Amino acid sequence: MEGISIAKLLVIGALIVLLFGTNKLRSLGGDLGAAIKGFKKAMNDEPQVKNNAQDETPQSLGDGRPKE
């Protein structure tokens, strides 16, 4: 078995364009890109939220009692 050649990939790509159209594929690509960007942002924000929660220490009122 050979696998998938460049010619086969081009035929598959042409069929996909014919089935869905360029406008639909362009909007799908934009939506996919936005979803990946949001996922990466969420993954980068998560450790910061955990670190901020660990860094918070109870504040005292000055006489040794913690704030309520």
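Analyst: A salt bridge means a side-chain nitrogen of Lys or Arg within 4 Å of a carboxyl oxygen of Asp or Glu. This is a predicted model, where local features need pLDDT of at least 70 and side-chain atom pairs pLDDT 80 or more, while totals for chains, interfaces and linings use all residues. Residues are numbered from 1 along each chain, and side-chain values use heavy atoms, leaving out hydrogens and water.

User: Which residues form the nonpolar patch on the surface?

Analyst: Ile4, Ile6, Leu9, Leu10, Ile12, Ile16, Leu19 and Phe20, with about 870 Å² of accessible area together (Shrake-Rupley method, 1.4 Å probe, only the protein chains shown counting as cover for residues).

User: Why is Leu10 called exposed?

Analyst: Exposed means over 50% relative accessible area, buried under 20%, and partly exposed in between (1.4 Å probe, protein chains only). Leu10 has 60%, so it's exposed.

User: And what makes Leu25 partly exposed?

Analyst: Leu25 comes out at 26%, so it gets the in-between label. Leu25 also touches Ile16, Val17 and Phe20, leaving aside residues up to four places away in sequence (contact is heavy atoms within 4.5 Å).

User: How much of the protein chain is buried?

Analyst: Buried residues make up 0% of its 68 residues.

Key. Patches are made of residues with over 30% relative accessible area and no salt bridge: like charges are joined within 9 Å, nonpolar side chains (Val, Leu, Ile, Met, Phe, Trp, Tyr) within 5 Å.
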